[in-house]
Amino acid sequence: ANRELWRSQETDFSRARKRLEGKPLSIERTKGSEILFGIAPCSLALSQSRRDLFRLFLKQSSGSRQLIMSEFVLQATARGVPVHHVKRRELDALCRGGVHQGVCLEATPLRFKSLEEAEKPDLGDEERPNRQLIWLVLEQIQDPMNLGALLRSAYFLGVDRVVTSQRNSCPLTPTVSKASSGAMEVFDVYSTDDLRSFLKAKTAEGWEVVGTVSKAEDVENVPVISCLEFRWNKPVIIVIGSEGDGLSLETQLLCHRMLAIPPGRALHPGIESLNVSVATGILLHSICSQKLRHGD
C-alpha cells in the first residue's frame, strides 16, 4: 500500500513539474505594441525608422545562429532598444507559436498609408513623362500569408505602389511581415475605403485598369486576353480579387481588360486555378519584365 501511495505521489509531482516547465514566463507587453517575429522582419524593422521599438527578445544559446544574434545585439544597441535573452518557450509564447527563428521584437504596429499620401509625388524621377508605372490593387485579400507573399513579389518585381481595399482586408500584422520576408518593413502599403472611385479617378488621369480572372468564361462585357499577349505603354493598375470570389462584378466593370494565365495542360475539374499570390507573381513578372525591357 505504501509503495502504491509513493508511486501515486511521484506521478503527481512529475505532472506538476511538467506543468510548471511547460508554462512560459509571463512577459508583460507594452500597451499598443505587437510582437514581430523572424530574422528578416525583426532585422529590417530595426534598420528602418517606421516603428517605435520597445524590446528585442533573443533565444538563449542559439548555437549556429550566434553570429546573427550578435548582429541583432549591435543593431538593437545602436537604436537604444533593450535586449532580453530568453528561453525558446518564452519566444514561442510571445509570437503564439509562429516561426520566430530565435528572434522576437516588441514594436508599434504598421498602418496602411492613406491615398492622399500616395498622390504626393516622391522626390525623384517617378513623375517623369513616359515612365512606365505599375500599381498593384488588392480587393479584399483576407489571408495574411497571401498578403505577405503578394507584398514580397510586388517589392521584388518592381511594383511602384500597392493599394488595398479597407473593407474585408487583412491588416498589416506580424504574420504578414513574416510571410513577406520583411518586405512589409520597407515597402509602403496604401489603402482606400472607396476602391471604385479610386479606379475611376486613375482612369480619368490616363491609367489603364487591368483585372485578373481564372477563366475567360467567368467574365462578361470586358475583353479577356492571355497575360503573355498583354502589352502596355502607359501607367497601369493591376487589380487582384479575393481568394474565394475573385474580383467583384462592380470592379470588373471598371477594368479595360482582364488578364488570364494560360494553363500548361488540360486541367482536372476542381483544380482549375492558382493560389492568388502565385498567380499574382506570374502576372507581375510577365508585366514588369516589359518595363525592364523598355527601360524608362
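Q: What makes E2 and E4 paired strands, and in which sense do they pair?
A: In this predicted model, strand E2 (residues 53-59) and E4 are joined by five bridges in the antiparallel sense. Two strands pair if DSSP finds at least two bridges between them, so E2 and E4 count as paired. One of the contributing residues is Leu53, whose bridge partner in E4 is Ala107.

Q: Which bridges tie strand E1 to E4?
A: Strand E1 (residues 34-37) pairs with E4 over four bridges, in the antiparallel sense. Leu36 has Leu105 as its bridge partner in E4.

Q: Why is strand E4 called mostly covered?
A: Buried means under 20% relative accessible area, and five of the five residues in E4 (residues 103-107) are buried. Val103, Leu105 and Ala107 point one way from the strand, while Cys104 and Glu106 point the other way, and all are buried.

Q: Why are E5 and E10 said to stand at the edges?
A: The open sheet of eight strands runs in the order E5-E8-E7-E6-E11-E9-E12-E10, with parallel pairing. Strand E5 (113-114) and strand E10 (224-226) each have a single partner strand, so one side of each is left without a neighbour in the sheet.

Q: How do you know that E9 and E12 pair?
A: Strand E9 (residues 208-212) and strand E12 (residues 257-260) run parallel and are joined by three bridges. The cut-off is at least two bridges, so E9 and E12 qualify as a pair. Thr212 stands opposite Leu259 in E12.

Q: Which strands does helix H6 lie across?
A: Helix H6 (residues 144-157) lies across strand E6 (134-138), strand E7 (161-165) and strand E8 (189-192). The helix runs at about 175 degrees to E6.

Q: Why does Ser286 count as buried?
A: Ser286 is found in helix H10. Its relative accessibility is 14%, and buried means under 20%, so Ser286 is buried. Leaving aside neighbours within four places in sequence, Ser286 is in contact with Cys227 and Leu228.

Q: Why is Ile282 called partly exposed?
A: Ile282 is also in helix H10 (residues 276-294). Buried is under 20% and exposed is over 50%, with partly exposed in between; Ile282, at 36% relative accessibility, therefore counts as partly exposed.

Q: Which residues form a nonpolar patch with Ile282?
A: Leu274 and Val278 form the surface patch together with Ile282. The accessible area of these residues together is about 230 Å².

Notes
Residues numbered from 1 in each chain as written. Predicted model: local features only at pLDDT ≥ 70, side-chain atom pairs only at ≥ 80, totals over all residues. Heavy atoms only, no water. Patch = residues over 30% accessible without salt bridge, like charges linked within 9 Å, V, L, I, M, F, W, Y side chains within 5 Å. Areas by Shrake-Rupley, 256 points an atom, 1.4 Å probe, with all protein chains shown as cover. Salt bridge = Lys/Arg side-chain N within 4 Å of Asp/Glu carboxyl O. Helix = DSSP H or I, 4+ residues; strand = E, 2+ residues; numbered from the N terminus. Buried < 20%, exposed > 50% of the residue type's maximum accessible area, 1.4 Å probe, protein only. Contact = heavy atoms within 4.5 Å. Axes fitted to C-alpha atoms, helices over the stretch in contact; angles between N-to-C directions.
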